[in-house]
Amino acid sequence: MKIEQFNFSGKKAIVRVDFNVPLDENGNVTDDTRIRGALPTLKKILADGGSVIMMSHMGKPKGKVNPKLSLSQIVNKVSEHLGVDVKFAPDCANADKEVAALKPGEALLLENLRFYPEEEGKPVGIDKEDPKYDEAKKEMKARQQEFAKKLASYADCYVMDAFGTAHRKHASTAVIDEYFDKDHKMLGYLMEKEVNAVDNVLSNIKRPFTAIMGGSKVSTKIGIIENLLGKVDNLILCGGMTYTFAKAQGGKIGKSICEDDKLDVALDVIKKAKENGVNLVLGTDCIAADDFSNDAHTQVCPANDIPDGWEGLDAGPETRKAFADAIKGAKTILWNGPAGVFEFDNFIGGSKAIADAIAEATANGAFSLIGGGDSVACINKFGMADKVSYISTGGGALLEAIEGKVLPGVAAINE
């Protein structure tokens, strides 16, 4: 069922949103991109005369109640954006009273789903090597089914609109759907847009295609890197990954972040890039610091010759120019992960150079897709959200979709 064709009048809709937003130490939302992303779906339900029950996770409470990760902290921000006073249910698995009181045009936010281990469906407090693990896993799967059934009991229809968790087979993303027939479960507007954006990148590639992969670890990106080597013309690898590649090639990296057990993987990526005719762009220089802080002393040095006691925290001037050159001529651009420790204002230059080049290429007709929390935070920090084609709300989900994997949260609706 398409959300556009569904009339929510008089119906209660339970919507899986992704309100896993960053908070400051006082519990204030510092980036509301994900809340704004869900608004078209939520407003459609309310405008039709339906009532909406929002469910989301926040952080990784590992199945335990953690007040610092309570969604009660975002009720006011969601109310402000939605234009109605959002009610709150302090226990997502015992919200019958709050749901029963919900009238058409009203909205309710459930407490953090991950306060219950049943949401993720993983056995708690038992090691995978334990002989009783399989039995514990089976028991947890049964509990997950019951948890999903309880959530489903609150509503007449289910809307999946959390692309950021669509790659997880959780109770609220890929089990709850079993309790709704195909005419009463659907993707929300945000999910539709996300799926179409990925489709646009993969099925309608206009060349040259440049992908920028940043972040600290090669290990978390290796699947997507290998997949992209068969698709892209230019592949920029930046951020903390730079130093694993530099060390793999015999460089000196001081105390820079490095995955010593992935040096062979880095060399293999370099080899595969050559075999596939991909222009692999790695950092040649960096801004090194004598401490991991914004106020550290800095120097520009080769990425493969960093003095002892210093660490690379951002891309250097030559590297920024090489990145920009590989981006500006592109017609399709994918960016996931910053080029440096952008949280520190003195180390945002590399990420800003990437953002500027993407904005210029987009203005010249390129399709640019920005995905992953840190890349989105970068674009927002620079005030450039309107200078790119599409900003994805999902990090892991976006990467898995581009890897060609079927997302459980999408498959569940299409079954």
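Student: What makes β1 and β5 count as paired strands?

Tutor: This is a predicted model. In it, 4 bridges join β1, residues 12-16, to β5, residues 157-160. Pairing needs at least two bridges, so the two strands pair. They run parallel.

Student: Which residue of β5 stands opposite Ala13?

Tutor: Cys157 does.

Student: What makes the sheet around them open, and which strands are its edges?

Tutor: The sheet has 6 strands, in the order β3-β4-β2-β1-β5-β6, with parallel pairing. The edges are β3 (87-89) and β6 (185-187), each of which pairs on one side only. On average, neighbouring strands are turned by 25° against each other, direction ignored.

Student: How do you know that α1 packs on this sheet?

Tutor: By its contacts. Helix α1, residues 33-47, touches β1, β2 (51-55) and β5. Contact here means heavy atoms within 4.5 Å. The direction of α1 makes about 150° with that of β2.

Student: Why is Leu113 called buried?

Tutor: Its relative accessible area is 0%. Buried means under 20%, so the term applies to a value of 0%.

Student: Where does Leu113 lie, and which residues does it touch?

Tutor: Leu113 lies in the loop between β4 (107-110) and α4 (117-120). Leaving out residues up to four places away in sequence, Leu113 touches Arg16, Met55, Ser56, His57, Cys92, Glu119, Phe147, Leu151 and Ser172. Arg16 falls within the range of β1, residues 12-16. Met55 falls within the range of β2, 51-55.

Student: How many residues separate Leu113 from Asn200, and what is their distance in space?

Tutor: They are 87 residues apart in sequence. C-alpha to C-alpha, they are 32 Å apart.

Student: Why does the radius of gyration agree with a compact globule?

Tutor: For 415 residues, a compact globule would have a value near 22 Å. The protein has 23 Å, so the two agree. Its C-alpha atoms fill a box of roughly 65 × 55 × 40 Å along the principal axes.

Student: What share of the protein counts as buried, and what is its accessible surface?

Tutor: Of the 415 residues, 54% count as buried. The accessible surface comes to about 17800 Å². Carbon and sulfur atoms hold 48% of that surface.

Student: How many helices and strands are there, and what share of contacts joins residues at least 24 apart?

Tutor: The protein has 15 helices and 17 strands. Among contacts between residues at least 6 apart in sequence, 71% join residues at least 24 apart.

Technical notes. Residues numbered from 1 in each chain as written. Predicted model: local features only at pLDDT ≥ 70, side-chain atom pairs only at ≥ 80, totals over all residues. Heavy atoms only, no water. Helix = DSSP H or I, 4+ residues; strand = E, 2+ residues; numbered from the N terminus. Axes fitted to C-alpha atoms, helices over the stretch in contact; angles between N-to-C directions. Rg over C-alpha atoms; globule rule 2.2 N^0.38 Å. Buried < 20%, exposed > 50% of the residue type's maximum accessible area, 1.4 Å probe, protein only. Areas by Shrake-Rupley, 256 points an atom, 1.4 Å probe, with all protein chains shown as cover.
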